[in-house]
Amino acid sequence: MADNIKEEKLEFRGGMFGLLVPFIIMLGGILILSVGGRALPMAFWVPALAGIFSALVLAKDRAKCADALIAGIANPTVIMIVVVLFFAGIVANIMKTTGLVEGLTWLCSRIGVSGALFPLITFLCGSLLSTATGTALGTVMSLAPVLYPVGVALGAYPPLMLGAIVSAAYFGDNIAPVSDTTIASAYTQDVAVPVVVRSRLKYAFAGAAIAAVLFVVTGFLFYSGPSGGTAVVETSPNGLIMLAVPALLIFMMVRGNHMLSALTTASVVGLVIGIVSGQLNIADVLVINMDSFTVSGTLVDGINGMMDTVVFAMLLMALVHLLEVGGVFQVLLDKVSGFTDTPKKAELVIAAADIILNILTVCNSVVILMEGPLARHLLTEKHGITPDRSANILDAVSCVAMCLIPYGFAPMLAYTFAAGSGAPVNFSMNMVVLFSFHGIGLGIVMLFSILSGWGRTFVDKEKRS
């Protein structure tokens, strides 16, 4: 069925604009919620459902439209994300209920770690992790359930903590040799991965330097002091034994294990360590109440905690698939090529298209693969810009966009894990992207680079095709 959908273009009343209307409705609803300070993953269900309903109304063939929507939800990438999120929720809930956060808070208090500097420490540690693993979402899953509540307990500003985690996730996503975006950008521009990584370090480090300064300044500006006074110092260190769980998860990701394999192993090991150490009661793993016909417990609660994000992701990707089979992406890429008579304009157009496509798809690796051939044609073939520069613009700008889109998977995951950590979350998701300083810093660096020509290099004329 999916193959038939791809072969036959969907048509909507009103043409291309009719195809865009459902996505405009969804984005408009998200914007209204965001401006009103009610940007929550579950709240996003309503505008997404409104977009799906309008798509079915506007489609000339509702059956084909329905098939396309289902194909979007059934995409293997979406299914993988859903399954991974469920197991990530289990691991996060195990760490929450076994006292790891309390143990880390006790440790940080004993060694004198300041809550004002904790966002910077989080950003630096997270950047090392994301660079080693090459996975933005894996970094968020590993850090948010643990470091967010610790930072809040130490007096760090809550939105700043999540901004540091999201920023760290995309620092490594941009430069890690094993990152899917690094590989995609290098592959589409026909340049070796090591060459791409070396050439983009100056942009990444400059953006990280701006972010580090902002994390320090904002960290001290919004520092509120440890919550609970002396209670933080007296928190029990018993839960520190559970550090073995995130350590195992990080080790397996660094070794290149599949995320699902790493998460399932960490879940089992976490349950065993928690029960053996007495940090987790075996009766709490699965709780069935036949009087109220409800099921809860460590495993079930972990999965339920991910449902808000999972449902929105499925609805969102259904609409994204409509744009794909309706030809929106190809039309967009065809339209922009006419405004590229100079190297600077060509790079600006590629960067702008990168941002727009990421807003529409919230999947930067897909955007890079989609836009890669156009970037190669406009930048390298037309203007002789070196392919590593072209790859760097594609990758860096996409990471900037993913840091700053409120309904992107990393900000949503960070927010969801924070809400399930037991620490207070009294702010909207918009605040997360406002403090994603690496996205802001890298965005400033790339805009300066394109406008000034810093880092722009050209291939020898005899080597140009």
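Author: The side chain of Ser54 reaches the backbone oxygen of Gly51 at 2.7 Å, a polar contact in the sense of a pair of N or O atoms within 3.5 Å, where within protein one atom must be able to donate a hydrogen and the other to accept it, and where residues adjacent in sequence count only if both atoms are side-chain atoms. This is a predicted model, in which local features need pLDDT of at least 70 and side-chain atom pairs count only at pLDDT 80 or more, while totals for chains, interfaces and linings use all residues. Residues are numbered from 1 along each chain as its sequence is written, and side-chain values use heavy atoms, with hydrogens and water left out.

Ser54 is found in helix α3, which covers residues 45-58; helices here are DSSP runs of H or I with at least four residues, numbered from the N terminus. With a relative accessible area of 10%, Ser54 is buried, since buried means under 20%, exposed over 50% and partly exposed in between, using a 1.4 Å probe and protein chains only. Leaving aside its neighbours within four places in sequence, Ser54 is in contact with Pro22 and Ile25, contact meaning heavy atoms within 4.5 Å.

The salt bridges come next, a salt bridge being a side-chain nitrogen of Lys or Arg within 4 Å of a carboxyl oxygen of Asp or Glu. By this rule the count comes to seven. Glu11 forms one of them with Lys60, the closest N and O atoms being 3.9 Å apart. This pair links distant parts of the chain, for Glu11 is in the loop between α1 and α2 and Lys60 is in the loop between α3 and α4, 49 residues apart. Lys60 is exposed, with a relative accessible area of 54%.

Asp395 and Arg200 also form a salt bridge, with their closest N and O atoms 2.6 Å apart. Because Asp395 lies in helix α19 (residues 387-404) and Arg200 in helix α11 (residues 193-221), the pair ties together parts that are 195 residues apart in sequence. Asp395 is buried, at a relative accessible area of 0%, and Arg200 counts as buried too, at 1%.

Turning to the rings, those of Phe, Tyr and Trp (its six-membered ring) pair if their centres lie within 6.5 Å, and planes under 30 degrees apart count as stacked, over 60 as edge-to-face and the rest as tilted. The count by this rule is 11 aromatic pairs. Phe123 and Phe215 form a tilted pair, 5.2 Å centre to centre and with 35° between the planes. Since Phe123 lies in helix α7 (residues 118-133) and Phe215 in helix α11, the pair ties together parts that are 92 residues apart in sequence. Phe123 counts as buried at 2% relative accessibility, and Phe215 is buried at 0%. Both belong to one aromatic cluster, together with Tyr157, Phe222, Phe435 and Phe437.

Finally, a word on confidence: the protein averages a pLDDT of 86, and 95% of the residues score at least 70, pLDDT being the predictor's confidence in each residue, from 0 to 100. Confidence is lowest in helix α1 (residues 2-7), at a mean of 42, and highest in helix α22 (residues 437-452), at 97. Where pLDDT is low, the predicted coordinates should not be read in detail.

Note on methods: Helices (H or I, at least four residues) and strands (E, at least two) are DSSP runs, numbered from the N terminus.
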